[in-house]
Amino acid sequence: MPEIKPRKTLFNPELRRRGIYVLPNLFTTAALFCGFFAVVQAMKGAFELAAVAIFVAMVLDGLDGRVARLTRTQSAFGAEYDSLSDMVSFGVAPALVVYVWALKDMGRLGWIAAFIYCVGAALRLARFNTTLEVVDKRYFQGLPSPAAAALVAGFVWVAIDNGIAAFDVRWIACVLVIFAGITMVTNVRFYSFKDINLRRSVPFIFIVAMALGFAVISYDTPAALFLLFVVYALSGYVQAAIRLLKRKTPNPG
């Protein structure tokens, strides 16, 4: 008589008993809402509001993991939910916002550029999840998807804030979107800032620098944020070039 295997349950009863932590997933849900809100606003033509929503999503995404670690509420569910939220907020939303704003008038090239960004974000998140335990925590492999989203959304925000028509900068937007998408899947390393200990004492000049940074950002927020992420997106390539030059330079003696 053939052995009858027990049917697999649709939901894991162990997961159901343990439940789901509310606090970190609340931040993740808020970030997901901001990404969805950005798409809706882009469809309505409110591109500046859409760009701001993506930046808010980035802040919330940075908080959910830290809240989970501080409250010791990390979970496999939270990690997977965070990745899905990131795909919407930093993959789909920026691609659709910039496509509707500037790339749709470029025909086939426009949607291909937006797709390159979108698939780059998906591959970046998939690679991050599968190499989480083996990579150097101090560095990201490829541009992080929130930084790529800030690069694209920041460009849209700066152009609108300065009264620049989307048609006039559509080629720049196209190149920027392709650059962000490809940079997410390169092997170029970007500093993660995860080794910074906020509980450690710092020199007084560091506090002064922080105050000046806030002053600069408040003076022209769109331009300051965009330039900040442009510098970060180029920093990986600069460091890679420096390492390459050091390897090629012969040691004296």
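# Briefing: a chain of helices with two strands

Of the 253 residues in the protein chain, 38% count as buried. The model is predicted. The chain holds 9 helices and 2 strands. Read from the N terminus, its elements follow the order α-α-α-α-α-β-α-α-β-α-α.

**Transmembrane annotation**

- An unreviewed UniProt entry lists residues 20-40, 46-63, 84-103, 109-127, 139-158, 170-190, 202-219 and 225-245 under "transmembrane region".
- One of these spans, residues 139-158, is 70% helix and 15% strand in the model. Its end C-alpha atoms are 28 Å apart.
- Another, residues 170-190, is 71% helix and 10% strand. Here the end C-alpha atoms lie 28 Å apart.

**Helix lengths and a kink**

- Helix H3 covers residues 47-70, which is 24 residues. From first C-alpha to last, H3 reaches 35 Å. That is close to the 34 Å expected at 1.5 Å a residue.
- Just after H3, Arg 72 takes a positive phi of about 55°.
- Helix H4 covers residues 76-103, which is 28 residues. At 1.5 Å a residue, H4 should span 40 Å. Its end C-alpha atoms are 37 Å apart, which agrees.
- Where does H4 kink? The kink lies at Ala 93, shortly before the proline Pro 94. The angle is about 35°.

**A nonpolar surface patch**

- Trp 111, Ile 112, Phe 115, Val 119, Leu 123 and Val 185 make a nonpolar surface patch of about 520 Å².
- Val 185 sits in the loop between helix H7 (170-184) and strand E2 (189-191).
- In an α-helix, residues three or four places apart point the same way, because each turn takes 3.6 residues.

- Tyr 21 lies in the loop between helix H1 (13-18) and helix H2 (22-44).
- Its relative accessible area is 39%, so Tyr 21 is partly exposed.
- Tyr 21 and Thr 73 are 52 residues apart along the chain. Their C-alpha atoms are separated by 6.3 Å.

- Ser 192 has its place in the loop between E2 and helix H8 (204-219).
- Why does Ser 192 count as buried? Its relative accessible area is 8%, and buried means under 20%.
- Ser 192 and Phe 140 are 52 residues apart in sequence. In space they are 5.8 Å apart, C-alpha to C-alpha.

- Arg 124 is found in helix H5, residues 108-130.
- Arg 124 counts as buried because its relative accessibility is 4%.
- Gly 142 is 18 residues away from Arg 124 along the chain. The C-alpha atoms of Arg 124 and Gly 142 are separated by 7.3 Å.

Methods:
Residues numbered from 1 in each chain as written. Predicted model: local features only at pLDDT ≥ 70, side-chain atom pairs only at ≥ 80, totals over all residues. Heavy atoms only, no water. Helix = DSSP H or I, 4+ residues; strand = E, 2+ residues; numbered from the N terminus. Expected span 1.5 Å × (residues − 1). Bend = angle between axes of the 7 residues up to and from the residue. UniProt positions renumbered as here; feature names shortened; annotations may be inferred. Patch = residues over 30% accessible without salt bridge, like charges linked within 9 Å, V, L, I, M, F, W, Y side chains within 5 Å. Areas by Shrake-Rupley, 256 points an atom, 1.4 Å probe, with all protein chains shown as cover. Salt bridge = Lys/Arg side-chain N within 4 Å of Asp/Glu carboxyl O. Buried < 20%, exposed > 50% of the residue type's maximum accessible area, 1.4 Å probe, protein only.
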